[in-house]
Amino acid sequence: MTHLATSFRATLLAAALAFASAGALAADAAPKPDFLAAHIDSSVDPGVDFFEYANGAWLKAHPIPASEAAWGIGNEVDDELYARLRGISEAAARQKAAPGSDQRKIGDFWATAMDVAKADRLGTRPLHAELTRIDAISSPAGVLDTVFAFKPIGVGVLFRIGVGQDDKDSATMAVQVRQGGLGLPNRDFYFNPEAGVAKIRTAYVEHMARTFVLLGRNPAAAKASATKVMAFETALAKASRKLEDLRDPEKNYNKMTPADFTAKYTPSIDWSARLAAWGIRPSYVIVGQPEFFAAEDRLLRETPLPVLKDYLRYHLVDDYAPFLSTTLDEEHFDFHGRAMSGQQEQRPRWKRALDEENDAMGMVLGRIFVRQYFPEASKQRYQAMVEAVRSTFHDRIQRLDWMGEDTKAKALAKLAAVTPKVGYPDKWKDYSALEVGRESYAANVMSANRWQFQDNLSKFGKPVDRTEWDMTPQTYNAYYNPSNNEIVLPAAIFMVPGVPDDQVDDAVAYGYVAASTIGHEITHGFDDEGRQYDAQGNLSAWWTAQDAARFNAAAQVMVRQFDAYEPLPGLHINGKASLGENIADYGGVLLGLEAFEKTEQYKKGEKTGGLTPTQRYFLGYALGWMSQQRQQQLRQRLLSDVHAPAKWRVLGPMSNIPAFYEAFGVKPGQPMWRAPQDRVRIW
């Protein structure tokens, strides 16, 4: 369960913000203009719109660039990160490093990704074998042969499959199969009547048609094919579960033998034989949405073969278009960038190449990154901050008036068992089997996909590696994994962009790091989904029925609160789908605040930049969400993301916290005010 708690904030360059010491953060180290106060739009009353008050001046001064769908403070630091990684990659490409070495792999990947002329000469030739396979399909069985052949190269057709921890036996790696196969982000894009969503559906069909034209089909035939593929995907979407329903771990856990899966739901797919062809023979599989697979099996039998072949063609080419010719790359951008996200022009190729390089071999780059830019003292400092937040959460659980003693004891045991991973892995992943050459950009991406697929399959039947990371150190993000009961905090997540460490006072650090990241991720272990996993990471009923009912009643208050927010006319935030993130935001702010109240800066109570310590704390939290996005991306996220948009991740939690009201003089009747009986009270 990866929670993209800071997904819009891109990746952060810890390198540019080297730490001065491992001690406490200094307040006002130099008489310079206060960076936090400079972001404030004083024309806005914080009781009316705290997000605009906290961030408005910065947002006005930093409009979204034409190449971006969104822009926030993390993006600007991200540019520095890109520059550093580009330097590493270009240096590797110039060297004559030994074959198979990390430097050689980085250099070959980079050089090939940047060779536009070669990609244009090759056209679709890197996909020749896969396109020929589709052409040769003569039966529904051939369709399935191709679907299973496409899984290792990352083409996401029909369903998703992989090896991961069994939710009810976290020590076991199990085969997991889930719904998938849609070209639009999720099922709601196929049915939502809002005008902007309807426009996206039309643009999607037109994009598919243009893709078929680029593959040699005449426009009329291409349009007909695209319309039929859209009808097939719409039928798949109808059988798919809604976003909010995918967040119920019990309902999405259906354990059965491969033979039973075949007999009861997918007579067209012999799962035992298919998995054996990959070298694995599980005694059971975990099926997320059995009814989806039953409907999909029926559709495979009822849909004309030419439509199924076009469905496969489109997804193959669209998935690999960014690595092929300029014409295909631009067609891909026209829909996925311009129509879906509102970008006006492509991001520079070198940045996109670095994104792909990070996806392909991020830990190879990560080893170099932390060696040069993240000292051990930094790791030790934030390990200490984790423990400060954990201690605070311990105290808060003990004080809860709605939770019984039996559940409290188990909650405290789970909290004590949370494993923090800070900065970078203690053990680095072995990439020696990854093959990278200079044949073509698409070939290298395909090779990386095959390596990742085989790496995943290789975990079946082996002990769970609880040291593994699912994010690279240079990622400006973090996550909680319920099966490992761990929080993972990459090196890049900790720093305030562009501000030297000795100029970041405790108040800002506790709001920006302890609340929005550390406290947020720990709270995920106790949100509506994470709370269902015990200290060992197993999905189990460890709550008393009375305490679970009290939690659910309190959580429903938050669902109603976020359901009422309407960021775009006719499109509300999905309070149920975003509940886990909203609880984590709220819990993080409470934890960070109480931990901050133990610091010397809070106890002294002196103003900095004209702001009290508590005001700076809340502004520090808002700093982490200093971002704006285009309407197209906002629409996409409202329908497909379990995170509320950035602005409401500030407005939502703040309006439930009395200390915020006191700090900024929020009055009854103002938009930020919520009556005491309407405020959320959970952790």
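Residues are numbered from 1 along each chain as its sequence is written, and side-chain values use heavy atoms, with hydrogens and water left out. Because the model is predicted, local features need pLDDT of at least 70 and side-chain atom pairs count only at pLDDT 80 or more, while totals for chains, interfaces and linings use all residues.

**Exercise 1. Describe the open sheet of four strands: what is its order, and which strands stand at its edges?**

Step 1. Strands (E, at least two residues) and helices (H or I, at least four residues) are DSSP runs, numbered from the N terminus; two strands pair if DSSP finds at least two bridges between them.

Step 2. Read the order. The strands follow one another as β2-β3-β5-β4, and the pairing is mixed.

Step 3. Identify the edges. β2 and β4 (254-256) each have a single partner strand, so one side of each is left without a neighbour in the sheet. Neighbouring strands are turned by 30 degrees against each other on average, direction ignored; the axes behind such angles are lines fitted to C-alpha atoms, for helices over the stretch in contact, and angles run from 0 to 180 degrees between N-to-C directions.

Step 4. Examine the pairs. β2 pairs with β3 (residues 169-179) in the antiparallel sense over eight bridges, with V163 opposite V175 in β3. These two strands form a hairpin with two residues between them. β4 and β5 (residues 285-287) are likewise antiparallel, over three bridges, and M256 has V285 in β5 as its bridge partner.

**Exercise 2. Locate the largest nonpolar core: how many residues has it, and which have the most contacts inside it?**

Step 1. A nonpolar core is a set of buried Ala, Val, Leu, Ile, Met, Phe, Trp, Tyr and Cys residues joined through side-chain atoms within 4.5 Å.

Step 2. The largest has 206 residues, and F50, Y320, F618, F660 and W683 have the most contacts inside it. Helix α15 (residues 349-373) supplies the largest share, 12 residues.

Step 3. Beyond its neighbours within four places in sequence, F50 is in contact with residues including F618, V650, M654, F660 and M672. F50 also belongs to a cluster linked by ring pairs, among whose members are Y53, Y510, F618 and W673.

**Exercise 3. Classify the pair F323 and Y441, and state where each residue lies.**

Step 1. Rings of Phe, Tyr and Trp (its six-membered ring) pair if their centres lie within 6.5 Å; planes under 30 degrees apart count as stacked, over 60 as edge-to-face and the rest as tilted. The structure holds 45 such pairs.

Step 2. For F323 and Y441, the centres are 5.1 Å apart and the planes 70 degrees, giving an edge-to-face pair.

Step 3. F323 lies in the loop between α13 and α14 (326-341) and Y441 in helix α18 (residues 441-457), so the pair ties together parts that are 118 residues apart in sequence. F323 is buried at 9% relative accessible area, and Y441 is buried at 7%.

**Exercise 4. Where do L158 and N485 lie, and are they buried or exposed?**

Step 1. Most residues other than glycine have a negative phi.

Step 2. L158, not a glycine, has a positive phi of about 70 degrees. It lies in the loop between α7 (140-150) and β2 (159-166) and is buried, with a relative accessible area of 2%.

Step 3. N485, also not a glycine, has a positive phi of about 50 degrees. Its place is in the loop between β7 and β8, and N485 is buried at 0% relative accessible area.

Technical notes:
Buried < 20%, exposed > 50% of the residue type's maximum accessible area, 1.4 Å probe, protein only. Contact = heavy atoms within 4.5 Å.
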